[in-house]
Amino acid sequence: MTLRIEHELHRRRFGRNLGLGLALAVFVALVFGLTVVKVKRGDPMQAFDHVARPELVPPQGEGEQ
Amino acid sequence: MSDTHANGALTETGEAGFGDYVALLKPRVMSLVVFTAMVGLLVAPQGMHPFVALISVLFIALGAGASGALNMWWDADIDRVMRRTRARPIPSGRVQPGEALGLGLALSGLSVMMLWLAANALAALLLAFTIFFYVVIYSMWLKRSTPQNIVIGGAAGAFPPMIGWVCATGSVSVEACLMFLLIFMWTPPHFWSLALFMNSDYQQAGVPMLTVTHGKRVTRNHILVYTIALVPFALATAFTSIGGPIYLAVSVLLNLGFLWGAWAIWRRGEALAEGDGYTTEKAVFKFSLLYLFLHFGALLAEASLKPWGLGGW
């Protein structure tokens, strides 16, 4: 015999988990969207690991005299 | 856990639903913060990318919500006594105080960090200061120690439009300060008119509101004086870069209405107010909400009309 009581508590827990899941999904979407906007707009963003840093490269013609 | 109890009597589990955690963030206060911060951001001369603007307003609101949760954590003992607040998640036992503290601290950190990433460091710093001011200066210190609690504490509610402005411009200006002062000066008459008809609540909880420490006559006097003091700040905004004829006309009408209400409250004695169930005080309290909403609405109207050459002077 299976004893399966669906109490109001279980519904409340499910609602809480669902709400938290959705909140996290929205947060991820917001951070992703913000990253896309900032990168596309060319905001000053740079990493320091395995990423080219163009400002370190001297402009052409400089230092050739 | 008690949810395995054989007879199914599981109603008092102390487990909160998602809505209880949302209630900790004071959604009604958040809606006002969203509106004023959004106006502060939209009336600023420098435009922001719509998505970045949306995120900025969202995290300003989340910061306000976080401070609301911390306030509920600290004030749970008062909330348990007051009729108006005893159904809140902590006093009703649905949320544990530690959960509210954890949620408040986590969301405070998250909102400040995200605002920094989305907008700029000054905006994030102002948001952090606002949370600190509301929780530590107002809730922990002033609220229980002085009848001037809401006069000084009102600053916390006044910061959002300034933060919105700083998100867009990166600096504080006269316009941002006037938007701040509009809310700052509006807060005392707004809350004191509420305190006049909610006095027994504050008295029971031992909160030294002006009505409790100095009586209702003094509070009525203060409402009138503070409303008069509010008028120049409200009108001055009309003559800045974010004001214009629409704002001036709306502001003049609203200030006349608020002054009339404050005068009506001042004229009344306690016997008359108790006799008619504080009709005037309740009406002025409701009008004060409209007063603030329409002032910021008028600023938004001025900014919206500018592209067509209509807004502003």
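This is a predicted model: local features need pLDDT of at least 70, side-chain atom pairs count only at pLDDT 80 or more; totals for chains, interfaces and linings use all residues.
Biologist: Where should I start with chain A, and how many helices and strands does it have?

Modeller: Chain A has one helix and zero strands. Of its 65 residues, 0% are buried.

Biologist: How many residues does each chain give to the contact between them?

Modeller: Chain A supplies 13 residues and chain B supplies 13 residues. On the side of chain A that touches chain B, five residues are nonpolar, four polar and four charged. In general, an interface is often sized by the accessible area lost when the parts come together.

Biologist: Turning to chain B, how far does helix H12 reach from its first C-alpha to its last?

Modeller: A helix is expected to span 1.5 Å times one less than its number of residues. H12 of chain B, residues 245–267, has 23 residues and reaches 33 Å, close to the expected 33 Å. Helix H2 of chain B can be read in this way too: residues 27–42, 16 residues, with a reach of 22 Å that is close to the 22 Å expected.

Biologist: Which residues of H12(B) are buried, and what do they pack against?

Modeller: A residue is buried if 20 or more other C-beta atoms lie within 10 Å of its own. In H12(B), Tyr247(B), Val250(B), Ser251(B), Leu254(B), Phe258(B), Gly261(B), Ala262(B) and Ile265(B) are buried. Their packing partners are helices H8 (174–197), H11 (215–236) and H14 (279–305) of chain B.

Biologist: Why does Trp263(B) count as partly exposed?

Modeller: Trp263(B) is in helix H12 of chain B. Trp263(B) is classed as partly exposed because it has 15 C-beta neighbours inside 10 Å.

Biologist: At what angle do H3 and H6 of chain B pack?

Modeller: H3 (residues 50–74) and H6 (residues 121–142) of chain B pack at about 20°, and their axes are 10 Å apart. An angle under 35 degrees counts as roughly parallel, so H3(B) is roughly parallel to H6(B). The crossing of H3(B) past H6(B) is right-handed. Among the residues in contact are Ile60(B), Gly63(B) and Trp74(B) of H3(B), and Leu127(B), Tyr134(B) and Met140(B) of H6(B). By class, this contact of H3(B) with H6(B) has nine nonpolar, five polar and no charged residues.

Conventions
Residues are numbered from 1 along each chain as its sequence is written. Chains are lettered from A and ligands numbered from 1 in the order in which they are written. Helices (H or I, at least four residues) and strands (E, at least two) are DSSP runs, numbered from the N terminus. A residue is buried if 20 or more other C-beta atoms lie within 10 Å of its own, exposed if 12 or fewer, and partly exposed in between; C-beta atoms are placed from the backbone. Two residues are in contact if their C-beta atoms, placed from the backbone, lie within 7 Å. Axes are lines fitted to C-alpha atoms, for helices over the stretch in contact, and angles run from 0 to 180 degrees between N-to-C directions. Angles under 35 degrees count as roughly parallel, over 145 as roughly antiparallel, 65 to 115 as roughly perpendicular and the rest as oblique. A crossing is left-handed if the near helix is turned anticlockwise from the far one by less than a right angle, and right-handed if clockwise. Ala, Val, Leu, Ile, Met, Phe, Trp, Tyr, Cys and Pro count as nonpolar, Asp, Glu, Lys and Arg as charged, and the others, Gly among them, as polar.
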